[in-house]
Each structure stands twice: as structure tokens, then as C-alpha cells.
Amino acid sequence: MKAAVLETIDAPLVIGDVGLSALARGQVLVKILVSGICGSQLQEIAGNKGNAKFVPHLMGHEGCGIVEETGPEVTKVKKGDKVVLHWRKGDGIEADFPTYTYKGKNMGSGKVTTFSEYSVVSENRVTAVPEDISNDFCALLGCGLSTALATIENEAKMRPGENILIVGLGGLGACFIKAAMLAKAGTIVALDIHDKKGFAESLGATHFINSAKEDAKEALTRAGVKGFDVIIETSGNSKSIEATLPLLAGGGRFIMVGQPKPGESFEVRDANHLFGGEGKMLKATQGGQFSPSKDITRYVQMYRDGSLNIDNLITHRTSLDKVNDAITLMREGKANRIMIDIWQ
Ligand SMILES: [Zn+2]
């Protein structure tokens, strides 16, 4: 089957022929229909996820597919089910890492991957959804959208009318605008180093700051507030964290979603401000504690009743063959969520 393989750190993915092995206990073979590309994959290509020792390996962790075959003891899904492929663990067996063959050798892989025609996935990384749910929405439930919704709910515990600053308007940041609107945020300010004013506003942000041209503090003036109740940091950039942490209101929650590079540090300037109000919170989150088995059904219901939509989130589509061009567009800040149509 065709797959995008990370052979070398910091090099383009190689579109190659990868062989599948027989399914082991708890493994599910999924025909991938659509995959999202997430900031995490850019980090993996750069070797920032501790993954350099595992190359060559397969890529991708949010997707929508159809169950093709189930391995021994799999009971959660059956052949023909439409499923979300998610990196967070849900119910079901935690299967062993799958083995593929590539260029005449065995190749290990993660428990969920999506940049390929088929994928061997651990039972606890797939969740069935109704057949009529759009493939794009299904795929975005694997990471981007779910991470944003769960982070706002579980980590930021956002209340109606609170204001929010979203730092970094990549694929994830854009989902956070949707999540903030759903939580009935008052003012929603988006900040990015690329000019994305029109895009931010099309999603529902009330204000936009271009931090390459303006001081991050401008966000306060523009929003007409003394501080932000919630700050979501998606860039993982230490300079960005240092510049935006002081913008937190008393009792505010600063949630790090983007991970700084291993070994990187940041400074908390004038740390005394952290005691403002009832005290502020600085928290690093793993996917907002998104729980696939509990949350996916709920999100599907919200999508059905119209309270949750993915309008304007997807700016580009690509094929597996052109995935490297799509990755370049993301690096340059020229695209938001890009979906890969695997069989195109
Ligand atoms: Zn992701």
C-alpha cells in the first residue's frame, strides 16, 4: 500500500510502498479515507517528539476510515464501521505496536497512524461514528477539534462571558476559536506571527494581533480588558510564552497546548503577578484530557444539532502524493487545517 514515511529527520516524507502484516490481538485494519495534518507531525519531522530513534516510521494521528478487518479479541468495532482514528486512548484493548515491511525490512510504527492507504490501529484508538457524519468532521475528532473542545471544558473550565487569548492560529488555534464560541466566550482575541486577521474573524474571533508587527500587549488594548481569563498557547515557542503569560487576568488560566522543544526553557517575568486574584494557573495539557469513548458521541450530537460546526476551518485539501507541499504551506503559515484525501 501507499504511505508517507518519515525516513530521515528534517527531510521531506517519502511516498513509498509499505507492506502489512497479519493482525495481532486487539489490532484493527482500517482503510483510511481522510487524514488531517497536525502541528505534531511538523514536530515529528523535526525530531522534537523523541521519535528520531524510531525512523523510518509512519505518520499522522487524526483520521477517518472504514474498518476493513478486525484482529483476535476485537469487540468494539466490526468490518464496515466508519471510525474516528484518535491518538488519545479510549475503551478497548491496548494492542502491541504494529509491524509493517518497508524496503525489505520490518518497520515499527505507532499505535495509530493515518498518512497511508491502510493502517493497523490499536482497538482503543478507534471509535465508531454514524455513517452519515462527514468524513472531515470525523477526522477532526481525532485530534484538533477534540483537543480544543476538551481543553476549554476540562482545563480552562471556561465560563460564559470570560475573555480568551488564543496564541498561534494554526490548525489547532482555529479549532480553539470554535471551542471558545461554543463556551460563549466574551471577547476572543487571536494572535499569530502571520497576518491572519480575515481568517480569524471568519471563524468568529473578535480581534486579531499580528505579533510580528505589534507587541503582544496590544491584545489588551484592542480587547479593552485588563487581562485575559484564559490564554491558550498553541505555538510552544518560549518567547511567545514569555510575552503572553503576563497578559493573564487575576484567577486566569494559562494552558500550554503546544510543546516547547526538548531542553528549551522560558522565564516567568515579574512572577509576583501569578498571585493576582485568587491566583493564576499555568498548566500543560495532554489533549485537554479528551476522552474518546465519552466525548465523541457527545460531539457528534452537537454537530447534528448544529451547535458545533467546522465551517471555514479547512483551507486546503491535498493528496498523499503531495503531502510535502501541504506541510510546507503549513510551515509558512499559509494554510490552516489541510485534509489529505488518501485515495485521490
Ligand atoms: Zn494532533
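## Strands β1 and β2

Strand β1 (2-6) is joined to strand β2 (residues 14-20) by four bridges, and the two run antiparallel. Lys 2 has Asp 17 in β2 as its bridge partner. Strands here are DSSP runs of E with at least two residues, helices are runs of H or I with at least four residues, and both are numbered from the N terminus. Residue numbers start from 1 along each chain as its sequence is written. The model is predicted: local features need pLDDT of at least 70, side-chain atom pairs count only at pLDDT 80 or more, and totals for chains, interfaces and linings use all residues.

β1 and β2 belong to an open sheet of five strands. Its order is β4-β1-β2-β7-β8, with antiparallel pairing. Two strands pair if DSSP finds at least two bridges between them. β4 (57-58) and β8 (105-108) are the edge strands, and each pairs on one side only.

The peptide bond from Val 55 to Pro 56 is cis. Its omega is near -5 degrees. Pro 56 sits in the loop between α1 and β4.

## Strand β9

Strand β9 (residues 118-122) has five of its five residues buried, so it is largely enclosed by the rest of the structure. A residue is buried if 20 or more other C-beta atoms lie within 10 Å of its own, exposed if 12 or fewer, and partly exposed in between, with C-beta atoms placed from the backbone. Both faces of β9 are covered. Tyr 118, Val 120 and Ser 122 are buried on one side. Ser 119 and Val 121 are buried on the other.

Strand β3 (residues 27-36) is joined to β9 by five bridges, and these strands run antiparallel. Opposite Tyr 118 in β9 stands Lys 31.

## Helix α9

Which residues of helix α9 are buried? In this helix (residues 323-331), they are Val 323, Ile 327 and Met 330. They cover an arc of only 60 degrees around the axis, which puts them on the same side of α9. The arc is that of the directions from the helix axis to the C-beta atoms. An α-helix has 3.6 residues a turn, so residues three or four places apart point the same way.

Several elements cover the buried residues of α9, including β1 (2-6), α1 (39-45), β17 (314-319) and β18 (337-341). After α9 comes Gly 333, with a positive phi near 70 degrees.

## Two domains

The chain is divided into domain 1 (2-142 + 312-341) and domain 2 (144-288). These bounds come from an automatic or database domain assignment. The C-alpha centres of the two domains lie 28 Å apart. Their contact takes 13 residues from domain 1 and 17 residues from domain 2. Residues are in contact if their C-beta atoms, placed from the backbone, lie within 7 Å.

What kinds of residues make up the side of domain 1 that touches domain 2? Four are nonpolar, six polar and three charged. Ala, Val, Leu, Ile, Met, Phe, Trp, Tyr, Cys and Pro count as nonpolar, Asp, Glu, Lys and Arg as charged, and the others, Gly among them, as polar.

## The largest nonpolar core

The largest nonpolar core has 98 residues. Such a core is a set of buried Ala, Val, Leu, Ile, Met, Phe, Trp, Tyr and Cys residues joined through C-beta atoms within 7 Å. Those with the most contacts inside this core are Val 30, Ile 164, Leu 165, Ile 166, Ile 177 and Ala 190. Helix α4 (residues 171-182) gives the largest share, seven residues. Domain 1 and domain 2 both give residues to this core, so it lies between them.

Take Ile 166. Leaving aside neighbours within four places in sequence, Ile 166 is in contact with Gly 173, Phe 176, Ile 177, Ile 188, Ala 190, Leu 191 and Ile 232.

## Exposed loop residues

Lys 184 lies in the loop between α4 and β12 (188-192). Lys 184 is not a glycine, yet its phi is positive, about 60 degrees. Why does Lys 184 count as exposed? Lys 184 counts as exposed because it has 11 C-beta neighbours inside 10 Å.

Arg 269 is in the loop between β15 (248-256) and β16 (281-284). Arg 269 is exposed, with 11 other C-beta atoms within 10 Å. Not counting residues up to four places away in sequence, Arg 269 touches Glu 242 and Pro 246. Asp 270 is found in the loop between β15 and β16. Asp 270 is exposed too, with 9 other C-beta atoms within 10 Å. Its phi is positive, near 45 degrees, in a residue other than glycine.

Methods:
Contact = placed C-beta atoms within 7 Å.
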